[in-house]
Amino acid sequence: MGQTTKESETIVRWKKTKPTTRRNRWWLIVMPLYLFTIFFVALPMVYLLVLSFLTRARTWGVVNEFTLDNYIRIAKPVYLNTFKESFQMAVITTAGTLLIGYPFGYFMARMSARTKSLMMLLVVIPFWTSALMRMYGWIIIFRSNGLLDKLLMGMGLTDSPQKLLYSYPAVLVGMIYSLLPFMILSIYSSTDKMDWSLVEAARDLGATRGKAFFTITMKLTLPGILSGIVLVFIPSMGLFFIADILGGGKIMLVGNLIQNQLQNGRDWPFAAALSVVLMIFTSVMIWIYRRVTGVRELEGLL
Amino acid sequence: MRKTKGFFAVLMAMALVVVSLSGCKGSGGESEKKEKGDPGELNIYTWAEYVPQDVIDRFESETGIRVNYTNFEANEEMLAKLETSEGGEYDIIIASDYIIKIAAEEGLVKELDKEKIPNFKNIDPVFQNFFYDPENKLTVPYGPGIPLLVYDPSVVTCEITGYDSLWDASLKDNLALMDSERVVMGMTLKTMGESFNTEDLDVIRAAGNKLMELAPNVRVLSQNQTQDYLLSGEVSAAFLFTSQVVLALSQNPELEVVYPKEGLGFGVDAAFIPSKAPNSDNAHAFLNFILDGEMGAQIAQQTYYLCPNQASYEFLDEEFKKSLIISTDDVPNGEFIQDVGPEATSLHEEFWTEFKAALD
Amino acid sequence: MRRRIRFSVIYQVILLLLMYIPICVVVIYSFNESRNSTIWTGWSLDWYRKLMKNRSLLEALKNSVILATISSGAAGIIGTLGAVGMARIGWRSKGVVEYISSIPIMIPEIILGMVFMAFFAMLNLPFGMVTLVLGHTTFCVPYVYMMVKASLVGIDRSLGEAAKDLGASERRAFFDITLPLILPAVFSGMLLAFAMSLDDVVISIFVTGAKTNTLPIRIYTQLKSGVTPEINALCTLMLAVTFLLVGMSRLLGGIRKKYPQ
């Protein structure tokens, strides 16, 4: 009112710039992360990259000979197949955890403050127990002549031991079970701060419960869904432990392959190359997801 | 708000407590200077519980030496750590034959001072002069074993006489094998009359193709406690290490053991002292300790491997002797699995990956 | 209204029960007489007795708890400050650093372990608790960072601006407005980080020293000789203590609510 456009522009520009003292403050706050990342992540990663271009020595270690062989080897069908299988497993696992975990996180966020924190703890506490012991727990129940078999046979539903374990579905269930808390807590963190009044407003305007959910709630909780997907998808390509125990050593994921190359094959450069490709692969997946869901406003989330 | 300030206060307090607690024990990783009269420490590095706790307790009480027992999961992890520490940090390492050979070649193994190990003479000569220590200057055998076939006669219909029998169609989805490519490929090579350690790429390829035919029969691949699958009825036949064989039979005496007609394998876990061990004298004392007749018996009866200690035989209790189906006479017939060079190893790797992909 | 609440409660309870089933099995089998942890032969308290005398196992437990606490704490601080700071600065390197800080969870542990080991050796750091903490914090940071980042996106910037307009300093605006809002995310991240640290084997094996053993290393490497119910007993005790602490803190919280100071 009474201000020229130029004056108002200046004022707006002034409001947007932060005074120099403030900018220094933020710089300091972000430093720990920067330093930590550069020293303990970036530098080791450079080592990894370099390693992937070297040649393996005859029995152990590496020889300083540059080669592209390791990457060329990955193009062999047997290894590409491993990537494909792992990708499949990861996608199904992520979808599974999302389907099961989203409602859980959502319901958690709607509870009273005291119950919320209790739920958070209850969800995580089982995972403070050794994963090995938990897997044994499942094995004791589901193996042939295990507790489930005894129950089924006792009730007369089956007459011979079932062979449920040491199969692809068993590994899948194990993966979903192990990665569920990541999804649940991610969804919860995001849903917790949602402005429920927006949903109420939509309902007041005549939207059905479903429409309100899909247009409002899901969009607002998208950051949580994204971080949940990242925290589940990425490990599920490499989690060799569950594949070994619940899959009877029969399922070979990229993680198992790398483990194998390092141990039995003693081929460090090849293992390094596989890891680099795995990294690129997962990064690309995440990038595609960001593009597809148009999460531009979540800039810098990953 | 008070709530968040309180939260941080608690966090800070916890952090302080925790830091001071960790400061107390002094686990910085440097070897401590020995005071006069202080017997010092011993750093043992091997799988957990592989050296029984009662053996360690007895050693500690008899010598006053403090034992630090840390663990690794795979031999290769051990070697990587040993390389990084350039032969230092650890005093006694117990690991598998093939890795000791590599460690020795890299100069990471110390030559034993036999004068500090008078009990060295107790070692049964059958367990000496192996490929990784041909002059017996570097190691003390700890856990020797021969893998065998074990099956449940009440379920298995075909006759099992050797590795080849495992390809029988009646064993569909009923077999447990070791999750080790060299062992399984090795087994296949034996059925073709070849050595475990052939470097002929064509032979290896032929073995790989034959292995694919075994895929439908395999139900489980496992490194550890494979006997559990046999005992619980998950599988009806299995290829087991000595300790697993002994445990299986002790819990189900009805199981049958088969010496594969194509030829036996053999493997040893042995103890050695790294080249720059910080407590070398204590290490020698420990080796002498476990080579004592009574101790040897105590160890063998808890690890369930063959007992390499002649002086222990009189201390082994009768039941244990009976359960030990393998006698030392079989040892010379066993072939070790040894390193075969990069091309052969890569080929083994590839077939193993394909094999696993074909399973399930 | 009421029906919807009921379904949500049922859903959560069922899922929780499913998550706790293997835990129950672990607890029950701690009373297993047999040396073999998975084959039941009878009831016994022997393993608890053995556990109490097992100095090295208890020490490994102590090391792991200390390690997990410090690592998740450090990760909590670094991750939270990082996420909050990243949201405010506009540096061009920002995106790259963010991406790199999440790499630890993209790489297989065994590679990470070997790389850390080589790196720490190069820096001549003593292998032991120090290197363990550094290694664990590195893979814990992404969890906290991502949770807090996701949480920050939903926060209404204008709340902080309003506080500043009313005269609050930057610091107060952070501590009194932003932090309480992102606290659930920080807490979630730290709880998960604690779980990851408490169960880490591979990286730990590579970065620990000759005198520091951790609980997961102990448990997983015991597979060769056979996992005994002693481990079950240990897990049961850990669970009992955890639930006790949780119960106590809730009681205290409840009392404080009734009698606000």
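1. The buried residues of helix α6(B) are I204(B), A207(B), L211(B) and L214(B). Buried here means that 20 or more other C-beta atoms lie within 10 Å of the residue's own, exposed means 12 or fewer, and partly exposed lies in between, with C-beta atoms placed from the backbone. An α-helix has 3.6 residues a turn, so residues three or four places apart point the same way.

2. This is a predicted model, in which local features need pLDDT of at least 70 and side-chain atom pairs count only at pLDDT 80 or more, while totals for chains, interfaces and linings use all residues. Residues are numbered from 1 along each chain as its sequence is written, and chains are lettered from A and ligands numbered from 1 in the order in which they are written.

3. What lies on the other side of α6(B)? D202(B), N209(B) and E213(B) are exposed there. The buried residues of α6(B) pack against α5 (181-191), β7 (218-222) and α12 (342-358) of chain B. Helices (H or I, at least four residues) and strands (E, at least two) are DSSP runs, numbered from the N terminus.

4. The length of α6(B) can be checked. Helix α6 of chain B covers residues 201-214, and at 1.5 Å a residue its 14 residues should span 20 Å; the end C-alpha atoms are 20 Å apart, which agrees. The expected span is 1.5 Å times one less than the number of residues.

5. Chain B is assigned domain 1 (41-145 + 268-325) and domain 2 (148-266 + 335-358); such bounds come from an automatic or database domain assignment. Taken over C-alpha atoms, the centres of domain 1 and domain 2 of chain B are separated by 28 Å. In chain B, 11 residues of domain 1 are in contact with 13 residues of domain 2, where contact means C-beta atoms, placed from the backbone, within 7 Å. The domain 1 side of this contact in chain B has 7 nonpolar, 3 polar and 1 charged residues. Ala, Val, Leu, Ile, Met, Phe, Trp, Tyr, Cys and Pro count as nonpolar, Asp, Glu, Lys and Arg as charged, and the others, Gly among them, as polar.

6. How many residues do chain A and chain C give to their contact? Chain A gives 76 residues and chain C gives 76 residues. On the side of chain A that touches chain C, the largest share, 19 residues, comes from α2(A). That side of chain A divides into 56 nonpolar, 15 polar and 5 charged residues.

7. The contact of chain A with chain B takes 29 residues from chain A and 27 residues from chain B. On the side of chain A that touches chain B, α4 and α13 of chain A are the elements that give two or more residues. The most comes from α13(A), with 5 residues. By class, this side of chain A has 10 nonpolar, 13 polar and 6 charged residues.

8. Chain A has 14 helices and 2 strands, and 47% of its 302 residues count as buried. Residues 24 or more positions apart account for 68% of the contacts in chain A with a separation of 6 or more.

9. Chain C has 11 helices and 0 strands. Its C-alpha trace spans about 70 × 60 × 35 Å along the principal axes. Of the 261 residues in chain C, 54% are buried. In chain C, 79% of the contacts with a separation of 6 or more are between residues 24 or more positions apart.

Note on methods: Contact = placed C-beta atoms within 7 Å.
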